Amino acid sequence: MTASILFHNGPILTMDDQNSVAGAVLTIGDRIARVGRWEDLRQQAADGTEEVDLQGQTMIPAFIDPHGHFPDPGFITLFRVDLSSGLRGDCADIPTALARLAAKAAQTPKGEWVMGVLFDNTTIAERRMPTRAELDSVSTEHPIWVLHASGHNGVANSMTLDMREIDEANPDPVGGRFGRDPVTGRLTGLIEGLSAMGAMGDTDFLIDRERFWKGFDATRNEYLSYGVTAAQNAWATRALLDHFNSKSVDDDPGIDLTVLPIGELEPELSQGGAAMHRLANPHFTLGPRKLFADGAFQLQTAYLRDSYHRPINPEAPCGTPYMTAQELTAQVCKLHDLGFQIHCHCNGDAGADLFLDAVASALKANPRDDHRHTVIHGQLLHDDQLALMAKLGVTVSFFSAHIHFWGDRHADTFLGPERAEGISPAGAAERHGVRFTLHNDASVTPTRPIHLAHCAVNRMTATGQVLGPDQRISVLSALRAQTIDAAWQVFQEHERGSIEIGKLADFAVLNQNPLNPKNTLLATVTTRTVRRGKTVFRSSSP
């Protein structure tokens, strides 16, 4: 007999079109069967229905992560050296980072890789990346690779450069560069941009099948503890796709994923004898194709219309596009004509210009209704761009956690106080009628839905500065951006994202009602997570 459960005795925020609040929900198996008043649903429930008393707590649809790199957080915990600093960790300076790498090298057989991650030049004491010479001081018998927190650059020791066949004769590729000493021209070990990093910039670098699934399980358990039952891997190489595809059809992985293949894999990925039209496991969905327009603010490689407030690279004071306008337009038109949805990483306003111009060209040549092409991050979008997005039918996912983690740096270094007021402009997006989502871009920042909502609602930096009060949104909008709007953004709104009849029975139970103005948003925590009708996480404290 299929199990049925009746949830009641607490406000149920459905996130339906009317933002209805229900008194009870009846589930049968993995689906929502009824939504309404407890008295009515109790009469309709079959004998043997389990009752879950919410005890005054609030139930909402389970959170959906609309942009991240699942299961990268688990790889960091299990296999890599955590070099995070500032608000994320306690690696305060380069000597501490070198000591942690040396400790890892001492435990690692000679010749095997040592990889450090989450290094942030903007919060480390020295305000710079380590050098090749400093990494050589750790070991010349291990290839060492330190990846920046943004994932957009890193530093290699000499052994790594030799193994990757990178030397002074290598020209800088489009959208990337190899750091060189300004006097001697010798490589410093810095490798910047995805085109230059190659495989070393991929989520699955140094991850074999066994490590992949161990990292997967650790990340899944973390996400479920925060009420997240659907996540995303937004940069899937062919090797990573093969890892996901190794999960058998009948083996439930415990979380649902949307997997975004690299756009450059097309059309070969979806056409021909070795075509991949879907992943074997039904809980994994092949989603939009992913492109990059520019880099990261922390490295000043996000591409801006105007110069950085305090530029660090006089040769590129506005940052760096990852593709020429012609190349990006060709990629967008190719994917658009193949019928795919496109998610494009655009941090800077000039980077967004490149993508929006490309989408306009694609739509002019081949009109498509409801394509939902998406700007990812959209840190610096202006009213003219949002108006154009509304006209083109382009949506956006904001990296609003930047306000907390790097908002002060935006104001004093990256953008200056005036432009920093407009980062992650969710308020303006609402005013222009552009539907949006919110994300953490894990592992750049950890997936924490309530904290993310706080960032978009209160727009407070780590020092308490408020950036752009007119860009604030309501708590309800922030919750919708991580539930029904996140489902909509990848064409899954008929399956999940709201508490409505026929949808998946995925819920997060919160200790208090976040819509109650008397409640502090950051004091809201997930006490229970329900996935497909089954409780998969329950807090030890009420």
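User: Which strand supplies the largest share of the lining of the largest cavity?

Analyst: This is a predicted model: local features need pLDDT of at least 70, side-chain atom pairs count only at pLDDT 80 or more, and totals for chains, interfaces and linings use all residues. Residues are numbered from 1 along each chain as its sequence is written, and side-chain values use heavy atoms, with hydrogens and water left out. α2, β8 (114-119), β9 (144-148) and β16 (289-292) each give at least two residues to this lining; helices (H or I, at least four residues) and strands (E, at least two) are DSSP runs, numbered from the N terminus. The largest share, three residues, comes from β8.

User: What volume does the largest cavity have?

Analyst: On a 1 Å grid over the protein atoms alone, a cavity is a set of points where a 1.4 Å probe fits but cannot get out; a pocket is an open set with protein on both sides within 12 Å along at least five of seven lines; lining residues have an atom within 4 Å of a point. Grid points are joined across faces, edges and corners, and a volume is the space filled by probe spheres set on the points. The structure holds three cavities of 30 Å³ or more. The volume of the largest cavity is about 420 Å³.

User: How many residues of the lining of the largest cavity are charged?

Analyst: The lining has 32 residues, and H69, A149, S150, G151 and V444 lie nearest the centre. Ala, Val, Leu, Ile, Met, Phe, Trp, Tyr, Cys and Pro count as nonpolar, Asp, Glu, Lys and Arg as charged, and the others, Gly among them, as polar. By class there are 13 nonpolar and 14 polar residues, and the charged ones number five.

User: How many residues lining the second largest cavity are nonpolar?

Analyst: This cavity has a volume of about 60 Å³. Its lining includes I32, P61, T229 and F507. Three lining residues are polar, two are charged, and the nonpolar ones number seven.

User: Which strand gives the largest share of the lining of the largest pocket?

Analyst: The largest pocket holds about 1000 Å³ of space. Of its 36 lining residues, R177, L190, E192, I312 and N313 lie nearest the centre. At least two residues each come from β10 (153-156), β11 (177-180), β12 (187-192) and α13 (407-414). The largest share, four residues, is from β11.

User: Are α2 and α7 roughly parallel or roughly perpendicular?

Analyst: Axes are lines fitted to C-alpha atoms, for helices over the stretch in contact, and angles run from 0 to 180 degrees between N-to-C directions. Angles under 35 degrees count as roughly parallel, over 145 as roughly antiparallel, 65 to 115 as roughly perpendicular and the rest as oblique. Helix α2 (residues 72-79) packs on helix α7 (residues 209-225) at about 110°, with the axes 7 Å apart. Therefore α2 and α7 are roughly perpendicular.

User: Which residues of α8 make the contact with α7?

Analyst: The axes of α7 and helix α8 (residues 238-245) come within 10 Å and cross at roughly 70°. So α7 is roughly perpendicular to α8. Contact means heavy atoms within 4.5 Å. R209, F212, W213 and F216 of α7 meet these residues of α8: L240, D242, H243 and F244.

User: Is the crossing of α10 and α11 left-handed or right-handed?

Analyst: The axes of helix α10 (residues 349-365) and helix α11 (residues 383-392) come within 11 Å and cross at roughly 25°. The two helices are therefore roughly parallel to each other. A crossing is left-handed if the near helix is turned anticlockwise from the far one by less than a right angle, and right-handed if clockwise. The crossing of α10 and α11 is left-handed.

User: Where does P267 lie?

Analyst: A cis peptide bond joins E266 and P267, with omega about 10°. P267 sits in the loop between β14 (256-261) and β15 (284-286).

User: What is omega near for the peptide bond from A442 to S443?

Analyst: S443 is in the loop between β20 (436-438) and α16 (449-458). The bond from A442 to S443 is cis, with omega near 20°.
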